[in-house]
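This note sets out, point by point, what a colleague new to the structure may wish to look at. The sequence and structure are shown first, and the numbered points follow.

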Amino acid sequence: MASSIKIFLSSTKKDLEKERKSLIDLLQTADYEVCCMEWFGAFTKHPKDEVEDYVKHCSIYILLIGESYGSIPEMDNVL
C-alpha cells in the first residue's frame with residue numbers, strides 16, 4: 001500500500017483503547033497513514049470544524065462502535 005493513503009480512525013477512546021491500538025498498529029504495518037483526533041495539537045477553529053476539515057483529506061474513514069457514547073457539543077443544536 002502507498003503511504004499516501006490516509007485513514008481517519010474515529011471511536012470513543014477509553015472503552016476501545018485496546019482495539020484502537022491494535023488497529024492502528026495493523027494499519028501502520030500495512031503502510032497507511034493513520035489519523036486520530038488525540039494526536040492533533042491545539043485547534044485554531046472549533047474542534048468539530050477542524051476534524052471535519054481533516055476528515056475531508058482522508059481517503060478512508062473507520063468508525064469503531066462500542067458501548068459508550070461520545071459527546072455532543074451544544075453548538076450543534078442537538079440537545
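1. Helices (H or I, at least four residues) and strands (E, at least two) are DSSP runs, numbered from the N terminus. On that basis the chain has two helices and three strands, and along the sequence they follow the pattern β-α-β-α-β.

2. Some conventions apply throughout. This is a predicted model, in which local features need pLDDT of at least 70 and side-chain atom pairs count only at pLDDT 80 or more, whereas totals for chains, interfaces and linings use all residues. Residues are numbered from 1 along each chain as its sequence is written, and side-chain values use heavy atoms, with hydrogens and water left out.

3. The overall figures come next. Accessible areas come from the Shrake-Rupley method with a 1.4 Å probe, and for residues only the protein chains shown count as cover. The accessible surface of the chain comes to about 6,000 Å², and 55% of that belongs to carbon and sulfur atoms. A residue is called buried under 20% relative accessible area, exposed over 50% and partly exposed in between (1.4 Å probe, protein chains only). Of the 79 residues of the chain, 22% count as buried. Contact means heavy atoms within 4.5 Å. Among the contacts in the chain with a separation of 6 or more, 67% are between residues 24 or more positions apart.

4. Which residues make up the largest nonpolar core? A nonpolar core is a set of buried Ala, Val, Leu, Ile, Met, Phe, Trp, Tyr and Cys residues joined through side-chain atoms within 4.5 Å. The largest one has eight residues: Ile-7, Leu-9, Leu-23, Ile-24, Leu-27, Tyr-32, Val-34 and Cys-36. Strand 1, helix 1 and strand 2 (33-36) each supply at least two residues of this core. Helix 1 gives the largest share, three residues.

5. Arg-20 deserves a separate look. This residue is found in helix 1 (residues 17-29) and, with a relative accessible area of 4%, is buried. Leaving aside residues up to four places away in sequence, Arg-20 touches Leu-9, Ser-10, Ser-11, Thr-12, Lys-13, Cys-36, Glu-38 and Leu-64.

6. Leu-16 lies in the loop between strand 1 and helix 1. Is Leu-16 buried or exposed? Its relative accessible area is 9%, so Leu-16 is buried. The C-alpha atoms of Leu-16 and Leu-64 are separated by 7.9 Å, although these residues are 48 residues apart along the chain. Beyond residues up to four places away in sequence, Leu-16 touches Ser-11, Leu-64, Ile-65 and Gly-66.

7. The aromatic rings can be judged by a simple rule. Rings of Phe, Tyr and Trp (its six-membered ring) pair if their centres lie within 6.5 Å; planes under 30 degrees apart count as stacked, over 60 as edge-to-face and the rest as tilted. By this rule there is one aromatic pair. Phe-8 and Tyr-61 form this pair, which is stacked, with 5.7 Å centre to centre and 10 degrees between the planes. The pair links distant parts of the chain, as Phe-8 is in strand 1 (residues 6-10) and Tyr-61 is in strand 3 (residues 60-63), 53 residues apart. Phe-8 counts as buried because its relative accessibility is 3%, while Tyr-61, with a relative accessible area of 43%, is partly exposed.

8. Tyr-61 also belongs to a surface feature. Patches are made of residues with over 30% relative accessible area and no salt bridge; like charges are joined within 9 Å, and nonpolar side chains (Val, Leu, Ile, Met, Phe, Trp, Tyr) within 5 Å. Tyr-61, Leu-63 and Ile-65 form a nonpolar patch on the surface, together having about 350 Å² of accessible area. Ile-65 is in the segment after strand 3 and counts as exposed at 71% relative accessibility.

9. The last point concerns charged side chains. A salt bridge is a side-chain nitrogen of Lys or Arg within 4 Å of a carboxyl oxygen of Asp or Glu. How many salt bridges does this rule give? The count comes to three. In one of them, the closest N and O atoms of Lys-21 and Asp-25 are 2.8 Å apart; Lys-21 and Asp-25 are separated by about one helical turn because they are four residues apart in helix 1. Lys-45, Asp-53 and Lys-56 are linked in a network of salt bridges. The closest N and O atoms are 2.1 Å apart between Lys-45 and Asp-53, and 4.0 Å apart between Asp-53 and Lys-56. Asp-53 is partly exposed, with a relative accessible area of 26%, whereas Lys-56 counts as exposed at 66% relative accessibility.
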